[in-house]
Amino acid sequence: MFLALRDLRRGVRRFMLLGVVIALVALLSTVLSGLATGLVTDGISGLRALPLDRLVFQEGSDATFSRSILRPADLKRFQQVQGVKATPLGASFVNAAPVDGGPSLDLSMFGVAADSFLVERADARAALAGPPGLVLASELQDQGVKVGDRYTVGGSSEEYPVLGFTFAGTYGHTPIAFVSLSTWRQIQYSNPDDDRFSAIAVQGDSPELAAAAADTSTVVLTKTQAYAGSPGFTAETTTMTLIRGFLLVISALVIGAFFTVLTVQRTRQIGLLKAMGASNAYILRDGIGQMAVLVTLATGVGVAVGAALVAVLSRGPAPVELAPRAIATVTLALIGAGILGSLFAFRRITQVEPAIALGVEP
Amino acid sequence: MNHTTTALDVDGVRVAYPDGPDERVVLDSLDLRVAAGEMVVISGESGAGKSTLLTVAGLLRRPDQGEVTVAGTSTSGLSDRQRTTLRRDHIAFVYQSANLLPTLTALEQLELVGHIRGERSGTARARALALLDELDLGGRRNQLPGQLSGGERQRVGIGRAFMAQPTVLIADEPTASLDPERARTVVDLLSGAARERSIATLVVAHDDAPARAATRRLRLAGGTLHEVVEPATDRAAAGSVLGVGARVGTGG
Ligand SMILES: Nc1ncnc2c1ncn2[C@@H]1O[C@H](COP(=O)(O)OP(=O)(O)OP(=O)(O)O)[C@@H](O)[C@H]1O
Ligand SMILES: [Mg+2]
């Protein structure tokens, strides 16, 4: 890259436009991946935080809690599987109206057995084991909800006090409220002794899980697979992936077009190099190396600015989150797309005739 | 061994360009031998095929027929890649308008030759610096082509050709865009190098400065080369040689 580096250094202005375009694409890609990560967190941070590895849903429920109804026999079968722990989980979206008036809350209500592995903290376990009440996601505290506030939940006329707050997160972009399984059944089925629930939470893995699923007409999903059941999750993720994919294609095309124009402009220079005895490989290395350096520098600048922007935005209300892994992926993908794009000019370079070096000067 | 082989041997070469449905024969059964240390100057009317001959002799183009042998290696059977390597190792060009790379300094123009040849950068730099000093360009080594005068540019172009340590040096109208004094400097450099570095030098020139320094003068007309017997003093005189040209090579 003897020639390429000096060409870049001394012809900065010529490469500025492409550099700025690549940097902007990199910036946009970084912000979008920040948004993608942020939306996932905003959507399912509660489910992600639950200490479970797998979720068992009723067959055909598409990982949607409200469509999945399981019974004690199903749970029993999974509890027989060696090497895993299984516990029932009730989940539904409810509206909670404060008894004293004021704005009502949309909640994603998770009913859990107080003594199960899903409840890790001793204070939460104690709260859920006591008289019925709500343990709310802590972001609701910021909205002015206080311990002791009383709510009527769903259609029921029972009043439930707020027992405490925890870092529960969200499901379906809705803050989570933990209740005991019997409270959940009271709200969902108007009967605390109803034996139905939504899904089985599983800790651990075993090849026998498949057999258990077959016996009970259920499906076993990993936690990540279960995200798809969260309202909006699949649509959001698909949209983000699509936009980022398009950005990659666009940057490959832009770089390809620019490098092709550059190659055409350099036809005489390439002929000269060939006359000097430079091989096609030498010239390709130089040209593609030049694009790689340019794309790497521009992407670096764009990603850095984008990451700074995401860091600032993440302090505000927008659902963005700085994710180093995602940013590294964006960076590598953009550099890869750039190198791929510059290959468009491959044939143009190899087909230059060295004889033009002796042609008439323009 | 290299003393006994002809540096450049062009044998029975034919080149024709497509011309509508027909073809236009530019070089026909052309023979040319240039030995080490010789400076052959070729003249001829515009369009006679002088540059075409140089592209064939310099392995930039394959002839339709005939054989080109460089430093004892026949080239007709070689792949493009092998021809490129042979060109890198044995042939250097000097162009009418220097043809320097716009983003390299004078020193780097020469260093690039070393880089293409895979030479160690320290060695290449030392040789380049020495050559620039010899060409009286030591003080201009960090200038870009745009910051050099026409004569300086041409001297850098010649330095670049010397940097390749060629067996054959090919120059297409190297003095055409220079005033007489600068033209003389360039010619002296080329003829001096031919003698002292034993380079087989092949120059195409319209003007007389190169012609006066030639060890042999040829004229391209009708697709072949003719020996110039009368010493020409100016362009008009060179034109009058047409009638007394004689076929050179195996034909006679
Ligand atoms: N690529 C090409 N295709 C068709 N014809 C060509 C091509 N290159 C050269 N010619 C023709 O071949 C002839 C010889 O061209 P060439 O450039 O070798 O002439 P020349 O002797 O160097 O002329 P000048 O003194 O003007 O430089 C010209 O008639 C030119 O028009
Ligand atoms: Mg010519």
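This is a predicted model: local features need pLDDT of at least 70, side-chain atom pairs count only at pLDDT 80 or more; totals for chains, interfaces and linings use all residues.
Which residues does Leu8(B) touch, not counting residues up to four places away in sequence?

**View 1. Surroundings of Leu8(B).** With residues up to four places away in sequence not counted, Leu8(B) touches Leu32(B), Arg33(B), Val34(B), Ala57(B), Val68(B), Thr69(B), Val70(B), Val168(B) and Leu202(B).

**View 2. The largest nonpolar core.** This core holds 108 residues, of which Leu273(A), Met291(A), Leu8(B), Leu32(B), Ile42(B), Leu112(B) and Leu202(B) touch the most other members. Helix H11 of chain A (residues 280–313) contributes the largest share of the core, eight residues.

**View 3. A second, separate core.** Phe65(A), Ala91(A), Phe117(A) and Leu118(A) are among the 30 residues of this core.

**View 4. The shell around ligand 1.** By class, the shell comprises three nonpolar, six polar and four charged residues. In chain B, strand E2 (22–34) and helix H1 (50–57) each provide at least two residues of the shell; H1(B) gives the most, with three residues.

View 5. For His206(B), a side-chain N or O atom is 3.4 Å from an oxygen atom of the ligand. A nitrogen atom of ligand 1 is 3.4 Å from a polar side-chain atom of Tyr17(B). On its own, ligand 1 has 640 Å² of accessible area, 61% of which the protein covers.

Methods: Residues are numbered from 1 along each chain as its sequence is written. Chains are lettered from A and ligands numbered from 1 in the order in which they are written. Side-chain values use heavy atoms; hydrogens and water are left out. A nonpolar core is a set of buried Ala, Val, Leu, Ile, Met, Phe, Trp, Tyr and Cys residues joined through side-chain atoms within 4.5 Å. Buried means under 20% relative accessible area, exposed over 50%, partly exposed in between (1.4 Å probe, protein chains only). Helices (H or I, at least four residues) and strands (E, at least two) are DSSP runs, numbered from the N terminus. Contact means heavy atoms within 4.5 Å. A residue is near a molecule or strand if one of its heavy atoms lies within 4 Å of it. A polar contact is a pair of N or O atoms within 3.5 Å; within protein, one must be able to donate a hydrogen and the other to accept it, and residues adjacent in sequence count only if both atoms are side-chain atoms. Accessible areas come from the Shrake-Rupley method with a 1.4 Å probe; for residues, only the protein chains shown count as cover. Ala, Val, Leu, Ile, Met, Phe, Trp, Tyr, Cys and Pro count as nonpolar, Asp, Glu, Lys and Arg as charged, and the others, Gly among them, as polar.
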